[in-house]
Amino acid sequence: MSNIKVLIADDQELILESLNIVLNMEDDIEVVALAKNGEEAVEFCAIFHPDIVLMDINMPILDGVGATEKIKLNDPAVKIIILTSYKEVDFVLSALSYGAEGFLLKAIHPKDLVAGIRVVHTGGTLISQEMANEMIKSMKKSMNIGAKEELHKSPIKGNPYGLSPREVEVLQKLSLGLRNQDIAETLFLSEGTVKNYISNIYSKLNVKGRRQAALKAKDEGIFGD
């Protein structure tokens, strides 16, 4: 039986090397690559074709949520386990929407991490009870916020510029004057992912800033009155 090929993505050198040492001690696990940011994780997945990716959330250039989205689009067979903390639960929900199979807290015992990798490799999904509790709290909070927002939300009339549904959502929030951080929290995205969406929106609308984007969206009838 072949080894489980693992790619580790984390911008902290100590964590990266520690996980590398711990996992390589297992007879059935082989660490094939170490990535220091999300962009490297995407590139290395295309080169080394790992079975499992251990993905940190907060990384430079491209964060773990954005990297998860790209990796899953390129190769849905790659299984991704998010390594996270309590305060990052909103981003975990976003990664889940892109197809991540598992979520573990960074403080997990190495034996439990190894066991989790094996569970996901055999087709299972993984989430700690602690993280499940935090996610439930966050979802309840989001539902309360969403219910209030729905009262003031205008229907989308049209989309003549090929914007994706998520880009339209981001554009709506942007048009309301929300900061990137506020948009990220409202839509359960990372700030890095929001910046990427905004960049795509500017390109598709052929505008150079928030004000131009908001005005064009209104003039072109993308949103309701």
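Helix H9 is followed by Asn206, whose phi is positive, near 60°, where helices are DSSP runs of H or I with at least four residues, strands are runs of E with at least two, and both are numbered from the N terminus. The model is a predicted one, in which local features need pLDDT of at least 70 and side-chain atom pairs count only at pLDDT 80 or more, while totals for chains, interfaces and linings use all residues. Residues are numbered from 1 along each chain as its sequence is written, and side-chain values use heavy atoms, with hydrogens and water left out.

Asn206 lies in the loop between H9 and H10 and is exposed, with a relative accessible area of 65%; exposed here means over 50% relative accessible area, buried under 20%, and partly exposed in between, for a 1.4 Å probe and protein chains only. Most residues other than glycine have a negative phi. A positive phi, of about 70°, is also found at Ile61, which is not a glycine. Ile61 belongs to the loop between strand E3 (52–56) and H3, and at 65% relative accessibility it counts as exposed.

H9 itself has 15 residues and reaches 21 Å from its first C-alpha to its last, close to the 21 Å expected, the expected span being 1.5 Å times one less than the number of residues. Its buried residues are Thr193, Val194, Tyr197, Ile198, Ile201, Tyr202 and Leu205, and they pack against helix H3 (64–74), helix H7 (165–175), H8 and helix H10 (210–219), with contact meaning heavy atoms within 4.5 Å.

The largest nonpolar core has 44 residues, and those with the most contacts inside it are Leu7, Met55 and Leu171; such a core is a set of buried Ala, Val, Leu, Ile, Met, Phe, Trp, Tyr and Cys residues joined through side-chain atoms within 4.5 Å. H9 provides the largest share of this core, six residues. A second, separate core of 18 residues includes Ile4, Leu19, Ile52 and Leu113.
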